[in-house]
Amino acid sequence: MAQDWHIQVGDILIDDYNDEIGVLIRQYVLLDKLKVWDVHWTKRNDNINEHKVHHYEEDSLKILINEGTLRHFPGT
């Protein structure tokens with residue numbers, strides 16, 4: 001079973017498949033209950049990433065982390 005843990009502003013995400021590093025920059029609530037996160041992505045190589053901020057529903061983001069698609073490193 002997946003561990004219950006928090007994600008918060010300033011946490012780092014590593015996407016090895018797409019060679020990107022993301023920072024959780026903001027959380028907000030839509031429709032009074034849907035938690036959404038803005039993640040600012042940057043490439044680790046010289047390729048340009050034109051669409052830098054992506055939006056993720058919190059539970060979906062946690063699934064990506066729990067399944068190993070994204071590596072999560074807590075901020076401070």
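Visitor: With which residues is aspartate 38 in contact, leaving aside its neighbours within four places in sequence?

Guide: Contact means heavy atoms within 4.5 Å. By that rule, aspartate 38 touches Val23, Leu24, Ile25, Arg26, Tyr28, Val53, His54 and His55, neighbours within four places in sequence being left aside. This is a predicted model, in which local features need pLDDT of at least 70 and side-chain atom pairs count only at pLDDT 80 or more, while totals for chains, interfaces and linings use all residues. Residues are numbered from 1 along each chain as its sequence is written, and side-chain values use heavy atoms, with hydrogens and water left out.

Visitor: Is aspartate 38 buried or exposed?

Guide: Buried means under 20% relative accessible area, exposed over 50%, partly exposed in between (1.4 Å probe, protein chains only). Aspartate 38 has a relative accessible area of 5% and is therefore buried. Its side chain joins that of tyrosine 28 in a polar contact of 3.1 Å (N or O atoms within 3.5 Å, one able to donate a hydrogen and the other to accept it; residues adjacent in sequence count only if both atoms are side-chain atoms).

Visitor: Which residues make up the largest nonpolar core?

Guide: Such a core is a set of buried Ala, Val, Leu, Ile, Met, Phe, Trp, Tyr and Cys residues joined through side-chain atoms within 4.5 Å. Here the largest has ten residues: Ile7, Leu13, Leu24, Trp37, Val39, Trp41, Tyr56, Leu61, Ile65 and Leu70.
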